[in-house]
Amino acid sequence: MTTNHNHYLDLAFQLAKKNLGKTGLNPTVGSLVVKNNTVISSAVTSINGRPHSEFNALNKVKNISGATLYTTLEPCTHIGKTPPCVNIILKKKIKNVYYAFEDPDIRTFKKAKKFLASRGINAKLIKTKKHKNFYKSYLINKKLEIPYISAKIAMSKDYLTINKNKKWITNDKSRKIVHLLRSEHDSIMSTSKSINLDNSLLNCRIEGLNYYKPDLFIIDLNLKLKKKLLLNKILKKRKTYLITKKSNNKKTIFYKKLGYKIILINSLENKQDLFLLYAKIYKLGYSRIFVEAGLNFLNTLLRNKIIKDLYIFISGKKLGKNGKNNGSLKYFKKFLKKKITINLNDDKLYKKEF
C-alpha cells in the first residue's frame, strides 16, 4: 500500500527486464494499473514486440475507470501494426499516467502528454536515477539504426584467454551469468574460429530459460566453419546466419543446404564495414547482439568503438603453461576497475560501459 511513484515504476522496470532482448525492434516495457493504492493488473511487452505492455495490462481487467497507469516508457501515440496505446488508455477511462522515459521514436516523442492532457487525463514524466540506463540500447537503435552490441571475455588470474586442456576458464557460477546475459539479447555473434575450437551451441542452459536460443551470427569470411558441428544438428530450430565475403557466393551452396542463412559482405576491415554489417542485421529485426568471440575480433570491435557493454570474467585460478593468448590484452587490462558485486566464488566480474 503506497502512493510512491518510484515504487510503482520500480516494479514496472522489473517487469520490463523480463523480456529484455525478446521484443524485436520494439522496446520492452513494463506497465502497472493501480487503483486505491493496489496493483490490480500488470504486464510486459509481448515476445516479438506486440501487443504492447499498456494494452496487455489494461485489457486484462474491466471497470477500471479512474485508475492510474504506471509505465516505463511514454505510451505510443502513432498507428503502426497495432493501434496506439493512448487509445485504450482513453477507452478504459484512466485518470493518471506516469512514465519514466520519453519515447525517442519521433512518431511519439513528447506527444503522449499533450494528447492525453487534451482529453482530460493527467500525464507526467517521472525520471528515475535507478533505471537511467535501462533504455540505453533502445536509444542506440533509434539514433544509429544498428543493434546494441554487448560482449564478454573470460580470462584466467594470470590473464590468459585460452585453456589448452579444458573448454572453460571460469567456474560454473560465472558460466551461468553468461547464459543469463545471452538471454537478454535477441542474437549472439561469434566467429568460425571460436565455434570450431569449442564446438559450442551458444544457448541458455540455466533453469527457467528452457534452453532459449538467441539467433546466431557467425563471422566466417573465408568459409572455414567445420562441416561436423553440434550446431549443424539444430539449424532447423534456430535461425543461424553465416557472414562471408561476396567472393564466396558459389561456395555457400553447401552451407545453405545445411540450413544456414547467408549474409554476403565486401569486407570487414574498418569501422564503416562494421557499421554496414550491423545496419544489415538491424534491418533483419535484431536490436541487441551479444558477442562471444576471440581476442582478435573483440579487439577490432573495441578499436572501432562498437562495443557498448563489456563483461570481463576473471577466474580465481592461474593457467600458467596450460594457457595462452591469440591476441593482445592491452584494451582489457585497463578496464578492470568497475567490479560487479556478485557471488562467483573465487571468480570476479567486471563491467565496462562505453
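The model is predicted: local features need pLDDT of at least 70, side-chain atom pairs count only at pLDDT 80 or more, and totals for chains, interfaces and linings use all residues. Residues are numbered from 1 along each chain as its sequence is written, and side-chain values use heavy atoms, with hydrogens and water left out.

Start with the sheet. Eight strands form an open sheet in the order β11-β10-β9-β8-β12-β6-β13-β15, and the pairing is mixed. From one strand to the next, the twist averages 20°. Two strands count as paired if DSSP finds at least two bridges between them. Helices (H or I, at least four residues) and strands (E, at least two) are DSSP runs, numbered from the N terminus. Strands of a sheet pair through backbone hydrogen bonds, either parallel or antiparallel. Here, β9 (residues 215-219) and β10 (residues 240-245) run parallel and are joined by 4 bridges. Phe-217 has Tyr-241 in β10 as its bridge partner.

Now the helices. Helix α9 (residues 271-283) packs on the sheet and touches β6 (148-155), β8 (187-191), β9, β10, β11 and β12 (288-291). Its direction makes about 145° with that of β11. Helix α10 (residues 295-303) also packs on the sheet. It touches β6, β8, β9, β12 and β13 (309-314), and its direction makes about 140° with that of β6. Contact means heavy atoms within 4.5 Å. Axes are lines fitted to C-alpha atoms, for helices over the stretch in contact, and angles run from 0 to 180 degrees between N-to-C directions.

How enclosed is α10 by the rest of the structure? Largely, because 7 of its 9 residues are buried. Among them are Leu-295, Phe-297 and Asn-299. Buried means under 20% relative accessible area, exposed over 50%, and partly exposed in between (1.4 Å probe, protein chains only). Lys-305 is exposed, at 63% relative accessibility. Its phi is positive, about 55°, although it is not a glycine. Gln-272 sits in α9 and is exposed, with a relative accessible area of 57%.

Next, the spaces. The largest pocket holds about 1300 Å³. Its lining has 45 residues, with Thr-191, Ser-194, Asp-198, Ala-293 and Gly-294 nearest the centre. The lining divides into 17 nonpolar, 14 polar and 14 charged residues. Ala, Val, Leu, Ile, Met, Phe, Trp, Tyr, Cys and Pro count as nonpolar, Asp, Glu, Lys and Arg as charged, and the others, Gly among them, as polar. The structure also has 1 cavity of 30 Å³ or more. The largest cavity holds about 110 Å³. On a 1 Å grid over the protein atoms alone, a cavity is a set of points where a 1.4 Å probe fits but cannot get out, and a pocket is an open set with protein on both sides within 12 Å along at least five of seven lines; lining residues have an atom within 4 Å of a point. Grid points are joined across faces, edges and corners, and a volume is the space filled by probe spheres set on the points.

Last, a backbone detail. Arg-50 and Pro-51 are joined by a cis peptide bond, with omega about -5°.
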